[in-house]
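Colleague: I have some questions about the inside of this protein. Please take me through them one at a time.

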Amino acid sequence: MTLPVLSHTIDQFPGSAADAAVLVVPDISESASALDGYPGLADILAGIGFTGSASTFARVHAPEVSSIPFAVVGAGSSPTAVSVRNAAGAALRVFTGFETVSLALAPGLESFADAAAEGAVLGGHRFDGYRSENGKKRASAVILHAQLDDASAAHAQAIGDAVALIKDLVQVPAEWQSPAQLAQSAADSVADLDVTVEILDEIALAEQGFGGILGVGQGSDRPPRLVRLDYSPADATRHIALVGKGITFDTGGLSLKPAASMVGMKFDMAGAATSLAALRAIATLGLPVRVTAWLCIADNMPSGRATRPGDVLRMLDGTTVEVLNTDAEGRLVLADGLVAASREHPDVIIDVATLTGAIILALGHRHTGVMGDDETVAEFLAAAHSADELAWHMPLPEYMEDSLDSPIADLINANMSDRAGGASFAGLFLRRFVGRVSDADDAPRIPWVHLDIAGSGEHGSAPYGFTEKGPTGAMVRSIVAFAHASHTEA
């Protein structure tokens, strides 16, 4: 992969260390002073009709401003952190072929240095992939000419690294990413951090009773895995458990997907990748919050060994589930992960999954569906808002509880007679596996948030801002913000 290394300086822009330069400007038709200090640039931009509207980009010849290749990018009218982050990201995404890029903010945008730093690192990532010809590479370094403290720079780099990890893992073809390989990649990604790793293979899963993960993975020649990662600093003020869905390829099992729907199903492990990346970012930043991540990893394949519609699985807590749809497999592996996480009595559990097509119908491709208990959901939505990620509170209607009933088991995994409210049905199913804050039977459930990233986790249309086509890394910024708020409020 290519990911730029961020540095910052207050030296004169563009400086001597870069081989290209970009200036972020607001809508210059509204801010006449925005180009003060850049001789002749206003006339040059007027000549090409560039106004500085949001994320517009132009490479221009401005010898009085820069002796190296130079471009401008717009932050739009009434700039915000979002528009500046997207502007910086767009610039690093499209201004290719240079090793080091200097980035500066026009007068009036100085307060958005944090956002510009984050956007530059996010936009500068590139998955080099498997092409024989990779074309022009993105910058390997970006120098931000702004007042930026070291902590903010470290945060931007850690967030960029986390999103890059998600994108790189999600884009690996399933042929090279079995459950065992993904588990090893997870361990390798935290090898340089104070994180303990435990990997349960199919034998250990069977011995301990992980019936959901085993039931989903039993149709594949590549057996499932559960990865537990634990970052536990001595000064931790709160314990957050992350549970991630890690289906390395989802055919739908015997409830086989149509051919077109199977394309891209290597992406179905994005929840596990997000949980892993969030833990790594939090550990890298040294936040005083304990984070335990449970990656529930399996291939969902059809075969003579595969779980059949109508089969009953016994989950880790002994709950029996009648499997009516083997393509509703994510909730089965997450159920085991939620039970395992609950046994440690964390302060809060966050599960992350590309769980339902229903959430895409409800919210589209940019909002994440958020469910759980109202207080914890509100806390998480505040963190998402602070990170400028789009998220929406979805209901868990009590009147739908009866629809989970099975005539032969404790639960069904899918309501085949009524597909309405599919995302909420899945959330209600998961809630059954969230444990109590103590071992007392009447204890309340552990505070819990469910993130359905089926829509927000992948972008399928034209690039915008720092976001390109493909996996987005949605919600990792929000989870890190949630962890940061957790420690400051504790």
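Colleague: Which residues does Leu-451 touch, leaving out those up to four places away in sequence?
Modeller: This is a predicted model. Leu-451 is among the residues with the most contacts inside the largest nonpolar core, which has 57 residues. With neighbours up to four places away in sequence left out, Leu-451 touches Ile-350, Asp-351, Val-352, Ala-353, Thr-368, Gly-369, Val-370, Phe-380, Met-475 and Ile-479.

Colleague: Is Lys-257 buried or exposed?
Modeller: UniProt, in an unreviewed entry, places the feature "active site" at Lys-257 and Arg-331. Lys-257 sits in the loop between strand S9 (239-250) and helix H8 (259-262). Buried means under 20% relative accessible area. Lys-257 has 14% relative accessibility, so it counts as buried.

Colleague: And where is Arg-331 found?
Modeller: Arg-331 is buried as well, with a relative accessible area of 8%. Its contacts include Leu-355, Asn-413 and Phe-425. Arg-331 is found in helix H10 (residues 330-342).

Colleague: How much space lies in the largest cavity?
Modeller: The structure holds one cavity of 30 Å³ or more. Its lining has seven nonpolar, six polar and one charged residues, and Gly-215 and Val-216 are among those closest to the centre. The space in the largest cavity is about 80 Å³.

Definitions and conventions:
Residues numbered from 1 in each chain as written. Predicted model: local features only at pLDDT ≥ 70, side-chain atom pairs only at ≥ 80, totals over all residues. Heavy atoms only, no water. Core = buried A, V, L, I, M, F, W, Y, C linked by side-chain atoms within 4.5 Å. Buried < 20%, exposed > 50% of the residue type's maximum accessible area, 1.4 Å probe, protein only. Contact = heavy atoms within 4.5 Å. 1 Å grid on protein atoms, 1.4 Å probe; cavity = no way out; pocket = protein on both sides within 12 Å on 5 of 7 lines; lining within 4 Å. Points joined across faces, edges and corners; volume = space filled by probe spheres on them. Nonpolar A, V, L, I, M, F, W, Y, C, P; charged D, E, K, R; others polar. UniProt positions renumbered as here; feature names shortened; annotations may be inferred. Helix = DSSP H or I, 4+ residues; strand = E, 2+ residues; numbered from the N terminus.
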